[in-house]
Amino acid sequence: MTSINELEILENRIDRLENLVGKFEKIEKTKGLETIDEILNKLSSFSSNYSKIASAFKSINEINKYSSFDAINEIEDELMLQAKIELILSDEAILKLDRDFQKLKSLKNILDNPILNDIPSLTEKLKEICSKQSSLKDNYDGQKEDLKNFLSFYYKSVIKKRSDKTSTKIKSFIT
């Protein structure tokens, strides 16, 4: 029963379209382009009263473009091109990653050096050497101070003896 209703609805729509455009027999008697022109004129005058219909007519070209098989093929071609570009760029990225990996692989030998593996024990030895150096510096500073005091005392005593000898010579000379 629903198919009968659908069939009636479809026939009613066809009748209304024929009333708007004209019957098929009428179209055959006139020239095709004239009829199409007449239909376009009627549609444009009808759409000028309704802004939504006018905007829909303006987008008909876009609708035709994207609903045709050529447009679908163009879109598929664009998608294919985009996919190829992404593959090429990803190949370049992969090549860069491979170069970086090879560089890291070559630097691995440096890090696998047994001397670098002994760094913790060498660090302990360095701490011991630094400690010894610090104590030697403290000893050096203390001995430097002792030497300074000794030389100061020696200088004072030598000058005093000389001044005493000089003063006795002067006294003996005067007397």
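Here is a short chat about the surface patch and the salt bridges of this model.

Colleague: Before we start, which pLDDT do local features need here?

Modeller: This is a predicted model, where side-chain atom pairs count only at pLDDT 80 or more, totals for chains, interfaces and linings use all residues, and local features need pLDDT of at least 70. Residues are numbered from 1 along each chain as its sequence is written, and side-chain values use heavy atoms, with hydrogens and water left out.

Colleague: Okay, which helix gives the largest share of the nonpolar patch?

Modeller: The patch is made by Leu104, Leu107, Ile110, Leu111, Leu116 and Ile119, and covers about 570 Å². Patch members have over 30% relative accessible area and no salt bridge, with nonpolar side chains (Val, Leu, Ile, Met, Phe, Trp, Tyr) joined within 5 Å and like charges within 9 Å; the areas come from the Shrake-Rupley method with a 1.4 Å probe, and for residues only the protein chains shown count as cover. Helices are DSSP runs (H or I, at least four residues), numbered from the N terminus. Four residues of the patch, the largest share, come from helix α6 (residues 69-111).

Colleague: And is Leu116 buried or exposed, or something in between?

Modeller: Leu116 sits in helix α7 (residues 114-117). Buried means under 20% relative accessible area, exposed over 50%, and partly exposed in between (1.4 Å probe, protein chains only). Leu116 has a relative accessible area of 35%, so it is partly exposed.

Colleague: How many salt bridges are there?

Modeller: The rule asks for a side-chain nitrogen of Lys or Arg within 4 Å of a carboxyl oxygen of Asp or Glu. One of them joins Asp100 and Lys96, at 3.2 Å from N to O. By this rule the count is four.

Colleague: Where do Asp100 and Lys96 lie?

Modeller: Asp100 is partly exposed at 34% relative accessible area, and Lys96 is partly exposed too, at 47%. They are four residues apart, about one turn of the helix, and both lie in helix α6.

Colleague: What separates Glu124 and Lys127 along their helix?

Modeller: These two form a salt bridge, with their closest N and O atoms 3.9 Å apart. Glu124 is partly exposed at 44%, while Lys127 is exposed at 52%. Because they are three residues apart in helix α8 (residues 119-174), Glu124 and Lys127 are separated by about one helical turn.

Colleague: Last one: how far apart are the closest N and O atoms of Asp141 and Lys137?

Modeller: Both residues lie in helix α8, four residues apart. Asp141 is partly exposed at 34%, and Lys137 is partly exposed at 45%. The closest N and O atoms in their salt bridge are 3.7 Å apart.

Key
Helices (H or I, at least four residues) and strands (E, at least two) are DSSP runs, numbered from the N terminus.
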